[in-house]
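Please open the structure in your viewer and keep the selection tool handy. We will go from stop to stop, picking residues as we go.

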Amino acid sequence: MRPRVAVIDDWQRVARASADWTALEARAEVLFLHDAFADEDAAAAALASFDIVMSMRERTPFPASLIARLPRLRMLSVTGARNRSVDVAALAARGIVVTRTEAGEDGSATAELALALMLAAARHVAAGDAAIRAGGFQAGILPGFTLRGRTLGLIGLGRLGTMMAGYGRALGMTLLAWSPNLTAARADAAGATLVPKDALLSASDVVSLHMVLAPGTVGLLGARELGLMRPGAILVNTSRGALVEETALLAALAAGRIVAALDVYDREPLPADHPLRRLPGTVLTPHLGYCVQENYAVFHRQAIENVLAFLDGAPIRPLAA
Amino acid sequence: MTAQASGGAAPHRPLVVLSDPSIHPDAVALLARDCTLRILDAYSPEDVFAQAASGASAILARLGTVTRRVIQAAPGLRIVARHGVGVDAVDLAAATAQGVVVTSTGSANAAAVAEYTFALLLALARKLPQADHAMRGGAWSREPLVGLELEGRVLGILGLGAIGERVARQALGFGMRVQAWRSGRAQRQVAGVAMVELPDLLATSDVLTLHLRLSAETAGCLDAAAIAALKPGALLVNTARGELVDEPALIRALAAGRLGGAALDTFAEEPLPGDSPLRRMHNVLLSPHVAGQTEAAVRRVGLAAAQAVLDELSGRRPANVHNAAAYAVRRERGLFAAPLIAG
């Protein structure tokens, strides 16, 4: 019997066009699923009849509880090199093969979106676009501010943070940086000054997050930290929603103290009735950081290679625990 | 400024050498977007190959062999992408020592090879070439064309990988009893296929078909002793590699009538020499290493090999790397850290 393959998380409906699926479709029943699962029950019901599931990044989590409800599952293909939302041990205990892929770009996609969000927030690009489409022109659009000469505070100065530093330098911004393990020498090499976290928050006109989510970084910015930010300062988050305490952020935004330019959220997709959707002074994008053609081409092509290799009994690209 | 500086504005396009002109045009076009291509004549002499490879970043190898001399002539070589399932035609040790990654195209031609295996088996069992040949000669001679029925017979599969498994499923569809032997690694269960020890496989199979990768361990595995252990009158099908079989011993067994016949697509020496006794034996069916050649497979394999080259040159790890140790050599020696093409 031909194996059944579910290509899930294809929210943008781009999976089919991003790669050549003919080799896989010759050997398996391949179904593309375009909607996010409302909860684990919905995921379990939708995926119970599949032998192989191909997911996108961390869109649908695979905790042990869900894995236990997928009796037919023999292989899970995830995209990207790391995945915090998959319980690799629970999969291994069942003998389920889990594979990863590489990316199609070097992190520039997400760093460039951080730059875009910073500029959009500083100049009210989204509000202007909405006003024009609604039949208006300048009415209701607040004046923006120039970034040249302003201070950009980078929380996290790894690969992506360093790229963002380069963009900030090109704009003529002053750069501050902090992360738990950042050294003055590394900050210096990126053209930034290493300062304590609180000093960065209180001195920056734009704060941009470039940290991975880990036990030590959950809720890195809470009410106290957000309270240190300058009035009217922009918080850019293209990393992970949980780095910022959501209730504290909502309160700061509701009070009009700061501006947020966000690509990532505690819960994705962002619930339809979420208060963020109604707050003024925000620029919101639907986790588009890595969503570029280059990545989808490599994600899907390598995921297909991984499934074909699995079907031939010689799996490649195992996901590390 | 010097001529070199004035030409420096053009982006550097890495050189990819193709072993012969038989690579699918879609694969050639895919490579040509980012690379300069040099396509050699089929079975070019080693010195021509080495000369062409000297400035190459990648070799896409279908026909012929990539020898130590070719690899050592190419200090900038990052990958030898084999067009096909085997990497025996590449000097792996020389490649690894130089940090050159060697890839195959995995199972991209598995369906083509498996289907051709059955085409050969059926043609041999039912004397199809003889029937066609006689008809074209004006004959209508039914008496000599009594064949062998496959249903109920035992098929022995030596090597149960992507190809062997497909052959097994086809055989089960014909009502054959199927048994297999597989070396090393975890035993893989295929429904309806009995896993047996090698001596049993040889002694009890009516038809033996080879689907092993050629390596130092498997070379000559069907030697004179193994051929002598085969069931009298057994048929042999080889779409894997000629070097798996002791060809002179096979020829003797066929000439003596010890075996019922052989259908061979691969040979110890390719092209098969014009004076090979195999060409004159009536219980032998021959084809020129074409099992993997369907339009779909040639395109798929070509694209897979081209993609391996593009992955490697853009700094990613291709699928089906056969010498992961090459990456360790690179790290030690600080080689090839920067990608040559974007993407």
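Which side chain meets that of Glu58(A) in a salt bridge? Select Arg240(A): the two side chains pair with an N to O distance of 3.1 Å (a salt bridge is a side-chain nitrogen of Lys or Arg within 4 Å of a carboxyl oxygen of Asp or Glu).

Before moving on, a word on the ground rules. This is a predicted model, in which local features need pLDDT of at least 70 and side-chain atom pairs count only at pLDDT 80 or more, while totals for chains, interfaces and linings use all residues. Residues are numbered from 1 along each chain as its sequence is written, chains are lettered from A and ligands numbered from 1 in the order in which they are written, and side-chain values use heavy atoms, with hydrogens and water left out.

**Stop 1: the two domains of chain A**

Colour residues 4-105 + 292-311 of chain A as domain 1 and 108-284 as domain 2; such bounds come from an automatic or database domain assignment. Their C-alpha centres are 31 Å apart. Domain 1 of chain A brings 10 residues to the contact and domain 2 of chain A brings nine (contact means heavy atoms within 4.5 Å).

About 610 Å² is buried between these domains, with carbon and sulfur atoms giving 47%; buried area is the accessible area (1.4 Å probe) that two parts lose on being put together, summed over both. Now select Trp11(A), Arg84(A) and Glu105(A): on the domain 1 side they lose the most area to domain 2 of chain A, together 54% of what that side buries. The count of salt bridges between the two domains is one.

**Stop 2: Asp312(A)**

Go to the segment after helix 13 (293-311) of chain A, where Asp312(A) sits (helices are DSSP runs of H or I, at least four residues, numbered from the N terminus).

**Stop 3: across to Arg188(B)**

Select Arg188(B), in the loop between strand 7 (177-181) and strand 8 (193-195) of chain B; strands are DSSP runs of E, at least two residues. Arg188(B) is also buried, at 14%. Show its surroundings: apart from neighbours within four places in sequence, Arg188(B) touches residues including Leu311(A), Asp312(A), Glu165(B) and Met195(B). Finally, draw a line between the C-alpha atoms of Arg188(B) and Thr209(B): they are 21 residues apart along the chain and separated by 18 Å.

Definitions and conventions
Buried < 20%, exposed > 50% of the residue type's maximum accessible area, 1.4 Å probe, protein only.
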